[in-house]
Amino acid sequence: MTARPSDLPDYEAPPVAEVVLGVNFTIPGGLKVYHIGLYRERIKSKFPKFQEQPPLPAQDVPAFSVFSGSPPLPRCWFLDESENRLIQIQADRFIHNWRKVTGKEEYPRYEVIRDEFVARWDEFCEFLVDQGVSKPILNACELAYVNHISKEACWTEPKDLGRLFSFLANDISGGAGHTLESVQCGLRFKLPGGNGHLNVSMTPAIRAQDQQEILRFDLSARGSLVSVDKAQLVEWFDGAREAIVRVFTSLTTKEAHLCWERET
Amino acid sequence: MMVPNMSITASQPVPSPRGLSDADVQLSHIEEALADDATLSADLLTNKSNRAFQGSPSRPLWQEVADGGANSTMDVIPTSDLPAWLRICLPRLLRLCSLTPNWDSYGSPPPTLALVKGVVSWLRFAEKETLPEPEVVPASGGGIQLEWYLGRRELEIEFTPTGQIEYLRSDNEHNEEKEDVIKDLDDLRSLLGWLIG
């Protein structure tokens, strides 16, 4: 595993609400619905809860089921007891999420979540081998950080956001007679080394759980992957994480860093 | 309100535009710019009416709307393109989900978050900025009813968990009353237009 770069910014109280690590793959012959049932039995002790969700749409490559003629599998959620961690599986995706549920959980840090993802992915691949299913052919991976910047914590009005984000002008009030209602924007960067792209988005929202107004600030890196080598997979995630943290820090101001208790 | 089942037609979503350059800043409709890359964690469909409405015989129409792009595991509802009246009443809509089961003593469940998202999506697409805030009330069976009283006109719209959207409109000036289902956005826009007419 790549060591954390010593100069990588670190925050004691980052606004992160969810971290997502996932891979896209193709399985020749396809994943069948009974595999999902068997897999559930295998991980039930750690992930006792189960939900079905609509499948995520195909991204860079067409979903295999388009060609196989099989009906699409749902996206299956396997949740741990606290629902802080969940595994999402569909015909062409394996995703591991850590997320806040009560809002009071401490962020366990990237390295912990990454290691959990790797362990779960290894277990899933072992399961497929045990079932005689073809090895998944990886074609893309994604790392996403979802930040909830609560209204009361760092800002009160949309015009305050100019003080938190370096790419917004200090004065975004629009001048006399105008009231800024909301700020919504997106940026897209190339990852270093041709490792994909990093999308950044900012959108106001209301959190269902507590009906709090938040600014959702997402950073999502995505890259193609041709190797199935685990070390290379981890290297990609570590590189994407570094890019996300550096871009996050670059796009936010010192005032915001104070709010999130930046340490380095 | 007793109304017949509505039929729902299916169609495919319009693909999002691609081809953003690096560090391209888009100050509106960000979801269209990002939709092609990602997002294991995004939530509600927030695009405007240029995208075809989805529907299938097996799924409620409101749910088709609510699920569009619904690949997040966290429940947040984007508010940037909501009209002010809807933004204000959104917390009230969400609080309905916290009702206890059997809240009406007739065994009704509370409305689900998915239904709230569906309601918001429909009203978001209705593109009526000038409406007053509606009364928000739970409906028997787990539905949500919105009620507007504007002068001598009254409008009730009920979103049911089975996927129907029903309305009752009353014109107290001409002593007229009509109830029916809302089949599509044009119906909804027309009704809201009638209300503020």
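Student: Where in chain B is the place of Asn102(B)?

Tutor: Asn102(B) sits in the loop between helix 3 and helix 4 of chain B; helices here are DSSP runs of H or I with at least four residues, strands are runs of E with at least two, and both are numbered from the N terminus. The model is a predicted one, in which local features need pLDDT of at least 70 and side-chain atom pairs count only at pLDDT 80 or more, while totals for chains, interfaces and linings use all residues. Residues are numbered from 1 along each chain as its sequence is written, and chains are lettered from A and ligands numbered from 1 in the order in which they are written.

The backbone of Asn102(B) has a positive phi of about 70°, although the residue is not a glycine. Asn102(B) is exposed, because it has 11 other C-beta atoms within 10 Å. (With C-beta atoms placed from the backbone, a residue is exposed if 12 or fewer others lie within 10 Å of its own, buried if 20 or more do, and partly exposed in between.)

Which residues make the contact between helix 3 and helix 4 of chain B? Helix 3 of chain B contributes Leu86(B), Leu90(B), Leu93(B) and Leu94(B), and helix 4 of chain B contributes Val116(B), Val119(B), Val120(B), Leu123(B) and Arg124(B); two residues are in contact if their C-beta atoms, placed from the backbone, lie within 7 Å. By class, this contact of helix 3 with helix 4 of chain B has eight nonpolar, no polar and one charged residues. (Ala, Val, Leu, Ile, Met, Phe, Trp, Tyr, Cys and Pro count as nonpolar, Asp, Glu, Lys and Arg as charged, and the others, Gly among them, as polar.)

Pro78(B) lies in strand 1 (residues 76-78) of chain B. Pro78(B) and Val120(B) are 42 residues apart in sequence, yet their C-alpha atoms are 9.8 Å apart in space. Pro78(B) counts as buried because it has 22 C-beta neighbours inside 10 Å.

Helix 4 of chain B has a further partner. Helix 4 (residues 113-126) and helix 5 (residues 185-196) of chain B pack at an angle of about 70°, with their axes 9 Å apart. That angle makes helix 4 of chain B roughly perpendicular to helix 5 of chain B. Here, too, helix 4 of chain B passes helix 5 of chain B in a right-handed crossing. Trp122(B), Phe125(B) and Ala126(B) of helix 4 of chain B make the contact with Leu185(B), Leu188(B), Arg189(B) and Leu192(B) of helix 5 of chain B. The contact of helix 4 with helix 5 of chain B has six nonpolar, no polar and one charged residues.

The whole chain supplies the setting for these helices. Chain B has five helices and six strands, and from the N terminus on its elements run α-α-β-α-α-β-β-β-β-β-α. Of its 197 residues, 40% count as buried. Among contacts in chain B with a separation of 6 or more, 60% involve residues 24 or more positions apart.

Glu83(A) is partly exposed, because 16 other C-beta atoms lie within 10 Å, whereas Asn102(B) is exposed with 11.

Methods. Axes are lines fitted to C-alpha atoms, for helices over the stretch in contact, and angles run from 0 to 180 degrees between N-to-C directions. Angles under 35 degrees count as roughly parallel, over 145 as roughly antiparallel, 65 to 115 as roughly perpendicular and the rest as oblique. A crossing is left-handed if the near helix is turned anticlockwise from the far one by less than a right angle, and right-handed if clockwise.
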